Amino acid sequence: MATQDSDTEGRWNREVDAVRECFARRLAAWAGDMLELRRRGMQQFRWSSANPAECAAKPSPSQADGSIVPMNRAA
């Protein structure tokens with residue numbers, strides 16, 4: 001019985017360590033994103049309201065529209 005408890009505890013410890021590593025990676029990525037936003041001066045939200053009349057008057061872009069640039073050319 002003690003061996004089974006020890007195995008279970010060891011498995012839990014490995015899972016907790018894996019979750020901690022995942023959290024640390026996610027936190028590092030978030031911190032890097034925040035630093036890049038600060039460098040670009042974009043740390044404040046800039047919400048703008050859409051004008052419903054403009055939305056109704058302009059059709060949404062489609063694949064045939066030349067204003068859409070595929071990601072490989074946009075990057």
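Me: Before anything else, what counts as a helix here?
Reply: Helices are DSSP runs of H or I with at least four residues, numbered from the N terminus. The model is a predicted one.

Me: OK. Where do glutamate 36 and arginine 39 lie?
Reply: Both are in helix H1, 3 residues apart, which is about one turn of the helix. The two form a salt bridge, with 2.6 Å between the closest N and O atoms.

Me: How many salt bridges does the count come to?
Reply: The count is 2. Besides the pair with arginine 39, the side chain of glutamate 36 meets that of arginine 40 in a salt bridge, at 2.8 Å from N to O. Through shared partners, Glu36, Arg39 and Arg40 are joined into one network.

Me: Is glutamate 36 buried, exposed or partly exposed?
Reply: Glutamate 36 counts as partly exposed, because its relative accessibility is 28%.

Me: And why is arginine 39 called exposed?
Reply: Because its relative accessible area is 62%, and exposed means over 50%.

Me: What about arginine 40?
Reply: Arginine 40 has a relative accessible area of 53%, so it is exposed too.

Me: Changing topic: which residues make the nonpolar surface patch?
Reply: Phe23, Leu27, Trp30, Met34, Leu37 and Met42 make it, and the patch covers about 590 Å².

Me: Take leucine 27 from that list. Where is its place?
Reply: Leucine 27 is in helix H1, which runs over residues 2-39.

Me: Buried, exposed or partly exposed, for leucine 27?
Reply: Leucine 27 is partly exposed, because its relative accessible area is 42%.

Definitions and conventions
Residues are numbered from 1 along each chain as its sequence is written. This is a predicted model: local features need pLDDT of at least 70, side-chain atom pairs count only at pLDDT 80 or more; totals for chains, interfaces and linings use all residues. Side-chain values use heavy atoms; hydrogens and water are left out. Patches are made of residues with over 30% relative accessible area and no salt bridge: like charges are joined within 9 Å, nonpolar side chains (Val, Leu, Ile, Met, Phe, Trp, Tyr) within 5 Å. Accessible areas come from the Shrake-Rupley method with a 1.4 Å probe; for residues, only the protein chains shown count as cover. A salt bridge is a side-chain nitrogen of Lys or Arg within 4 Å of a carboxyl oxygen of Asp or Glu. Helices (H or I, at least four residues) and strands (E, at least two) are DSSP runs, numbered from the N terminus. Buried means under 20% relative accessible area, exposed over 50%, partly exposed in between (1.4 Å probe, protein chains only).
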